[in-house]
Amino acid sequence: MVTKPRDESIGLRGDGNPRLLKKGMDYSMEKRYQKRTQWSYYAIFMLLGLAGAALGPSLPSLAGGTDSTLTEIGNIFPFRAGAYLLGSWIVGHLYDRFPGNLVLKVSLLLMGVALFFVPLMTRLVGLVIVLIIMGLGIGALDVGGNTLLLWAMSDHPQSAMNALHFFYGLGSFLSPLILAAALQFRGGIQLGYWFYGALTLPVFLVMLPLPSPHPPAGAGEGLNKASVFQADFKYPLLLIAIFYFLYVGVEVGFGGWIYTYALQTNLATETTAALLTSIFWGAFTLSRLFSIPLAARLKPKSVLGLDLMGALVSLSLILLWPSSKFALWAGAVGLGFAIASVFPTMLTFANRHLHLKGKETSWLFVSAGLGAMFTPWFMSRFVAGTFPLMIIIILLAALVLACFLYGALLLWSRKEKGTQE
């Protein structure tokens with residue numbers, strides 16, 4: 001059997017199936033490379049989960065190490081979030097101009113080095129600088145992993161995307177446990193952070209020989225073809241970006257403030273409020289696992305419809321029965337299960353209709369990052385007030401607006417399908 005020479009990239013075969021193209025590579029070898037690429041991205045997202053969830057549990061230790069108060073150490077969050085947004089925006093253009101895996105590997109090393117230095121900082125300004133570097137790397141990896149996986153797994157991206165975000169959730173779930181073990185074993189967080197940083201090295205080495213994915217044929221043309229949508233709604237990408245702003249605000253806002261809300265309403269003690277938060281994220285992670293086989297059987301629009309309906313019901317339970325502990329717990333568990341697959345599924349929906357390139361994907365992540373910054377901050381204006389239920393009203397209002405945007409996207413997708421036929 002004679003194999004034709006191929007460029008070193010990932011594209012589409014003539015029959016529409018994904019391939020990793022490399023000179024002299026037969027189909028079975030292509031499939032092995034594709035699997036290695038897929039699992040490398042999963043490993044990166046587990047590392048992202050470990051790194052992203054490490055900051056909250058380590059705040060007291062970082063405050064002590066830098067001789068700062070908890071109020072002062074809390075100022076690091078906007079700096080890291082701003083760096084994440086900057087990294088997300090800049091790197092989207094890089095993935096369109098350079099081999100994707102090269103950009104990904106540089107970003108991975110950047111995050112790994114920053115993780116090693118975090119517990120070594122003895123001044124707050126030094127810690128801020130290191131966290132800015134880490135935020136840049138995390139933003140670049142987040143955009144890159146999502147974009148490159150869509151390109152590499154274009155035959156069944158929905159299941160792959162849900163699996164990718166499951167591994168992020170798994171890393172987020174394990175991170176506090178690993179840091180707690182480090183505190184018990186050595187009395188500090190250094191070992192935990194160094195463990196996270198060391199894990200980046202084997203992933204980097206596995207990725208070294210892997211060829212980079214490239215956009216499928218027609219990528220970036222979806223916006224030009226969406227004339228019907230542009231005539232009715234002006235900018236389809238803008239609607240999806242606003243959807244992400246609202247959705248991520250709900251996810252981060254609920255996860256960040258449900259502990260305080262439970263205390264303010266006297267529905268939980270400090271111990272049970274912490275357990276409530278853990279249950280929410282546990283349901284979130286478990287749902288992402290269940291969504292992997294579900295995504296292979298249902299269309300993205302069906303999954304999104306079920307997710308949004310479940311989220312509305314869950315938040316409504318808390319709002320309608322504000323003094324009920326059962327409603328609070330049921331709402332938290334239900335919301336965790338309902339919203340877990342929204343992010344990857346909407347990304348699949350957007351890519352299916354707009355054929356996203358790195359630049360377009362980066363704008364979606366910037367919008368999501370802005371939602372993660374704004375909504376929790378806006379909710380903080382009401383948490384310490386006399387009407388803490390206002391934060392549930394804010395979340396429910398954001399979710400209702402997201403549902404309206406989703407309805408608009410469904411209308412467009414039907415019109416687009418009609419014009420193509």
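Biologist: In which helix does Ala51 lie, and is Ala51 buried or exposed?

Modeller: In this predicted model, Ala51 lies in helix 1. Buried means under 20% relative accessible area.

Biologist: Which residues touch Ala51, leaving aside its neighbours within four places in sequence?

Modeller: Contact here means heavy atoms within 4.5 Å. With neighbours within four places in sequence left aside, the partners of Ala51 are Arg80, Met111, Leu115 and Ile138.

Biologist: How far apart are the C-alpha atoms of Ala51 and Gly112?

Modeller: Along the chain, 61 residues separate Ala51 and Gly112.

Biologist: Is Ser40 buried or exposed, and what does Ser40 touch?

Modeller: Ser40 is a residue of helix 1, which spans residues 27-65. The relative accessible area of Ser40 is 4%, so Ser40 is buried. Not counting residues up to four places away in sequence, Ser40 touches Val203, Val206, Met207 and Leu210.

Biologist: What is the phi of Asp67, and where does Asp67 sit?

Modeller: Asp67 is in the loop between helix 1 and helix 2 (70-73). With 70% relative accessibility, Asp67 counts as exposed. Asp67 is not a glycine, yet its phi is positive, at about 55°.

Biologist: Which loop holds Asn266, and what is the phi of Asn266?

Modeller: The loop that holds Asn266 runs between helix 10 (236-264) and helix 11 (270-295). Asn266 has 66% relative accessibility and therefore counts as exposed. Although Asn266 is a residue other than glycine, its phi is positive, near 60°.

Biologist: Where does Pro236 lie, and how far is its C-alpha from that of His353?

Modeller: Pro236 lies in helix 10 and counts as buried at 2% relative accessibility. Pro236 and His353 are 117 residues apart along the chain. Their C-alpha atoms are separated by 9.8 Å.

Biologist: How far apart in space are Glu360 and Ala350?

Modeller: Glu360 belongs to helix 15 (residues 358-383). Its relative accessible area is 10%, so Glu360 is buried. Ala350 is ten residues from Glu360 in sequence, and C-alpha to C-alpha the two are apart by 10.0 Å.

Biologist: What share of the contacts between residues at least 6 apart in sequence joins residues at least 24 apart?

Modeller: The secondary structure of the protein comes to 16 helices and three strands. Among contacts between residues at least 6 apart in sequence, the share that joins residues at least 24 apart is 77%.

Biologist: Which side of helix 12 is buried, and which residues are exposed on the other side?

Modeller: The buried residues of helix 12 are Pro300, Val303, Leu304, Asp307, Leu308, Ala311, Ser314, Leu315 and Ile318. They cover an arc of only 130° around the axis, so they lie on the same side of helix 12. On the other side, the exposed residues include Leu306, Met309 and Leu320.

Biologist: What is the span of helix 12 from its first C-alpha to its last?

Modeller: Helix 12 covers residues 300-320, which is 21 residues. At 1.5 Å a residue the expected reach is 30 Å, and the model is close to that, with a reach of 30 Å.

Biologist: How many residues of helix 5 are buried?

Modeller: Helix 5 (residues 124-152) reaches 41 Å from its first C-alpha to its last, close to the expected 42 Å. Helix 5 is largely enclosed by the rest of the structure, because the buried residues number 23 of the 29.

Biologist: Which residues form the nonpolar patch on the surface, and which helix supplies the largest share?

Modeller: The patch consists of Leu86, Trp89, Ile90, Leu94, Phe98 and Trp363, with about 560 Å² of accessible area together. Phe98 is in the loop between helix 3 and helix 4 (100-117). Phe98 has a relative accessible area of 46%, so it is partly exposed. The largest share of the patch, four residues, comes from helix 3.

Technical notes
Residues are numbered from 1 along each chain as its sequence is written. This is a predicted model: local features need pLDDT of at least 70, side-chain atom pairs count only at pLDDT 80 or more; totals for chains, interfaces and linings use all residues. Side-chain values use heavy atoms; hydrogens and water are left out. Patches are made of residues with over 30% relative accessible area and no salt bridge: like charges are joined within 9 Å, nonpolar side chains (Val, Leu, Ile, Met, Phe, Trp, Tyr) within 5 Å. Accessible areas come from the Shrake-Rupley method with a 1.4 Å probe; for residues, only the protein chains shown count as cover. A salt bridge is a side-chain nitrogen of Lys or Arg within 4 Å of a carboxyl oxygen of Asp or Glu. Helices (H or I, at least four residues) and strands (E, at least two) are DSSP runs, numbered from the N terminus. Buried means under 20% relative accessible area, exposed over 50%, partly exposed in between (1.4 Å probe, protein chains only). The expected span of a helix is 1.5 Å times one less than its number of residues. The arc is that of the directions from the helix axis to the C-beta atoms.
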